[in-house]
Amino acid sequence: MIAEHSAIVARGMGVRRGGRWLLRPAAFGIAGGVTGLAGPPGTGKSTLLATFATLRRPQAGALRILGRDTANCADLRAARARIGYLPGRFHWADNLTAAEFVAYAAYYKGMRGTAVRPALRRFDIADTAATELALLPPDVRLRAGLAATCVHEPELVLLDDPLGVASARRGAPARGSSSRRGGGAHARADARADARAPYGDPADPADPDLADLAELMPLLHSLAPTVVITAPAPQLLTGWCDRLLALSRGRITDLPTRSHRPVPGSGVGAPPAPAGASRASRTEAPRDRVPRQPLRTGAGV
Ligand SMILES: Nc1ncnc2c1ncn2[C@@H]1O[C@H](COP(=O)(O)OP(=O)(O)OP(=O)(O)O)[C@@H](O)[C@H]1O
């Protein structure tokens with residue numbers, strides 16, 4: 001049964017792209033808490049997330065977001081104002097500083113410029129406000145993306161493969177913290193190489209990268225009442241999401257959320273907070289500022 005008050009309610013919703021159903025018409029709801037959506041590359045996670053973000057329209061059925069019918073223009077506008085969406089790639093913003101990037105998002109969300117500083121502080125990146133995104137290590141770059149996504153304090157946050165953004169470091173040369181303050185062409189090239197570097201092996205439960213990624217979890221839990229996060233493998237999401245969904249061959253299915261591989265101190269493997277639990281009860285971090293917990297970057301993630 002679908003709870004009508006769920007942030008996302010799909011009824012007979014189908015999503016097509018490239019001449020095939022990425023999601024065959026289905027009915028489902030996504031309620032409060034953090035929901036993970038896993039599926040191998042190309043299965044349609046990004047397309048589905050963009051549909052939830054109302055950037056794409058479903059080819060069948062109906063989609064309600066935050067109680068609004070996305071087929072209705074006035075409702076659509078109202079829903080959009082309460083959504084925060086971060087695509088998996090935002091290289092178009094590489095030449096903007098973190099502050100400019102957040103200011104740009106604030107402008108389009110109808111926020112005053114005074115919202116920018118608090119957003120940067122909340123994600124603990126005020127000290128890198130004047131640094132271009134291309135020069136930031138991926139974990140800090142992700143924080144800038146989250147600050148932009150959440151500058152208007154949305155009720156629904158949609159993050160396309162944020163763990164990929166934050167973990168994109170394998171094979172990249174080690175960089176010092178100087179890259180955060182500038183660093184010139186080499187640092188810029190490194191940052192771009194980092195951003196293209198692949199995950200560790202998400203299918204390997206012993207991969208130490210999963211522990212690194214887990215350090216981001218309290219931050220992701222603190223963003224909004226409802227958060228949807230995609231990842232290419234369920235192992236990346238297991239154990240810390242309130243709900244875990246898999247997208248495969250055009251179908252969405254529920255997966256177990258419990259981890260078989262607890263990571264001490266990371267929150268991974270701990271029982272998930274109940275869906276719909278308040279933000280305050282789901283995280284120890286205060287609402288107004290999430291302390292930076294840098295990934296074990298070495299190469300600047
Ligand atoms: N520009 C495009 N034109 C036509 N079809 C496309 C285009 N981009 C993607 N597709 C189709 O949509 C499918 C889903 O792509 P999508 O990016 O949503 O998948 P994904 O699961 O998010 O993959 P990834 O993790 O690699 O981003 C692809 O397999 C492809 O068939």
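The legends below describe close-up views of a predicted model of a protein with its ligand.

**View 1. Overall fold and confidence of the predicted model.** The protein is built from 11 helices and 10 strands, and 49% of its 301 residues count as buried. Among contacts with a separation of 6 or more, 72% are made by residues 24 or more positions apart. The average pLDDT of the protein is 77, with 68% of the residues scoring at least 70. The pLDDT is below 50 over residues 169–198, a stretch that has 57 contacts in the model beyond near neighbours in sequence, and the pLDDT is also below 50 over residues 260–301, where the corresponding number of contacts is 97. For the complex, the predictor gives an ipTM of 0.94 and a pTM of 0.77.

**View 2. The shell around the ligand.** The residues surrounding the ligand are Arg17, Gly18, Leu22, Gly39, Pro41, Gly42, Thr43, Gly44, Lys45, Ser46, Thr47 and Pro232. By class, this shell comprises seven polar, three nonpolar and two charged residues. Helix H1, which covers residues 45–52, gives the most to the shell, contributing three residues.

**View 3. The largest nonpolar core.** This core holds 71 residues, of which Val102, Ala144 and Ala147 touch the most other members. Helix H3, spanning residues 98–108, gives the most to the core, with seven residues. When neighbours within four places in sequence are left aside, Ala144 is in contact with Ala98, Phe101, Val102, Ile125, Leu133 and Leu136.

View 4. Helix H5 runs over residues 138–149 and has 12 residues, reaching 16 Å from its first C-alpha to its last, which is close to the 16 Å expected at 1.5 Å a residue. Because 12 of the 12 residues of H5 are buried, this helix is largely enclosed by the rest of the structure. The buried residues of H5 include Asp139, Arg141 and Arg143 as well as Val140, Leu142 and Leu146; also among them are Ala144 and Ala147, two of the residues that touch the most other members of the largest nonpolar core.

**View 5. The surroundings of His221.** His221 has its place in helix H10, which covers residues 217–221. Since 24 C-beta neighbours lie inside 10 Å of His221, this residue counts as buried, the cut-off being 20 or more. His221 and Val34 are 187 residues apart in sequence, yet their C-alpha atoms are 6.5 Å apart in space.

Technical notes: Residues numbered from 1 in each chain as written. Predicted model: local features only at pLDDT ≥ 70, side-chain atom pairs only at ≥ 80, totals over all residues. Near = placed C-beta within 6 Å. Helix = DSSP H or I, 4+ residues; strand = E, 2+ residues; numbered from the N terminus. Nonpolar A, V, L, I, M, F, W, Y, C, P; charged D, E, K, R; others polar. Core = buried A, V, L, I, M, F, W, Y, C linked by C-beta atoms within 7 Å. Contact = placed C-beta atoms within 7 Å. Expected span 1.5 Å × (residues − 1). pLDDT = per-residue confidence, 0-100.
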